[in-house]
Amino acid sequence: MAITDKIYVKNHQQLSSQLETNIPKGAFKGATLDMLFQGDGLEKLDDATQERVLDFSSDFLDCSCDNNPYCGCPERKFIRYLLELRAEGLGPDAIVDVMTDDYMVYAYPGDVLSFLDDAVRTLEAAEGLARVDGESEKRDEIRRAKGDLAR
């Protein structure tokens with residue numbers, strides 16, 4: 001299961017009530033993305049919530065793909081966001097705190113830790129493949145990226 005399947009909308013019930021419609025708890029579920037992408041009813045949200053929802057939309061749903069927001073770009077952008085937070089030195093608990101502050105979404109720290117561990121293992125495999133292929137520059141680049149995640 002992808003990490004984006006484990007990202008949840010904070011105060012989900014309150015948001016559903018303000019929007020006067022049911023939305024899934026998962027931030028990357030189809031109905032949630034539809035609501036964010038189309039912007040229907042966002043004016044019903046309080047100012048602080050509306051600002052965070054709009055930030056989420058502009059940061060993750062902004063692409064030119066024909067089938068946006070179902071093109072995979074929002075999930076890839078969010079994964080990049082998580083990896084950048086880790087590269088800044090944040091641990092799983094801090095990453096959850098930042099994503100909650102930034103976008104009113106959350107995950108369980110254990111899920112974030114598992115995602116980061118999987119990312120390191122994937123980079124280890126890519127590093128090995130680069131070594132076998134004789135791609136020393138690529139291997140060094142991958143090793144640095146792995147170091148950023150593993151520290």
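Which residue forms a salt bridge with Asp 140? The partner is Arg 143, and the closest N and O atoms of the two are 3.8 Å apart. Keep in mind that you're looking at a predicted model. Both residues sit in helix H7, 3 residues apart, or about one turn of the helix.

How open are the two partners? Asp 140 has 29% relative accessibility, so it counts as partly exposed. Arg 143 is partly exposed too, because its relative accessible area is 40%.

Helix H7 covers residues 136–150.

Now look at who's tucked away: Ile 142, Lys 146 and Leu 149 are buried. Seen down the axis, the buried residues of H7 fall within an arc of 55°, so they line one face of the helix. That buried set packs against H4 and helix H6. On the face turned away from the buried side you'll find the exposed residues Glu 137 and Arg 144.

A search of the whole structure turns up 9 salt bridges. As background, side chains of opposite charge can pair when their charged atoms come close.

One of these pairs is Asp 117 with Arg 121, at 3.0 Å from N to O. They are 4 residues apart in helix H6, so about one helical turn separates them. Asp 117 is partly exposed at 34% relative accessibility, and Arg 121 is partly exposed at 43%.

Another pair is Asp 111 with Lys 6, at 3.9 Å from N to O. This one links distant parts of the chain, with Asp 111 in helix H6 and Lys 6 in the segment before E1, 105 residues apart. Setting aside neighbours within four places in sequence, Lys 6 is in contact with Met 1, Tyr 106, Ala 107 and Asp 111.

## The nonpolar core

In soluble globular proteins, nonpolar side chains tend to be buried together. Here, the largest nonpolar core has 38 residues. Those with the most contacts inside it are Ile 7, Phe 56, Phe 78, Tyr 81, Leu 82, Met 99 and Val 105. Helix H6 gives the most to this core, with 7 residues.

Leaving out neighbours within four places in sequence, its contacts include Ile 7, Phe 78, Tyr 81, Leu 82 and Val 112.

Most residues other than glycine have a negative phi, and most peptide bonds are trans. So which spots go the other way? Asn 11 has a positive phi of about 55° although it isn't a glycine. You'll find Asn 11 in the loop between E1 and H1, and it's partly exposed, with a relative accessible area of 39%. Glu 20 has a positive phi as well, about 60°. Glu 20 lies in the loop between H1 and helix H2, and at 66% relative accessibility it counts as exposed.

As for peptide bonds, a cis one joins Asn 68 and Pro 69, with omega at about 10°. Pro 69 is in the loop between helix H3 and helix H4.

Conventions. Residues numbered from 1 in each chain as written. Predicted model: local features only at pLDDT ≥ 70, side-chain atom pairs only at ≥ 80, totals over all residues. Heavy atoms only, no water. Contact = heavy atoms within 4.5 Å. Helix = DSSP H or I, 4+ residues; strand = E, 2+ residues; numbered from the N terminus. Buried < 20%, exposed > 50% of the residue type's maximum accessible area, 1.4 Å probe, protein only. Expected span 1.5 Å × (residues − 1). Arc of directions from axis to C-beta. Core = buried A, V, L, I, M, F, W, Y, C linked by side-chain atoms within 4.5 Å. Salt bridge = Lys/Arg side-chain N within 4 Å of Asp/Glu carboxyl O.
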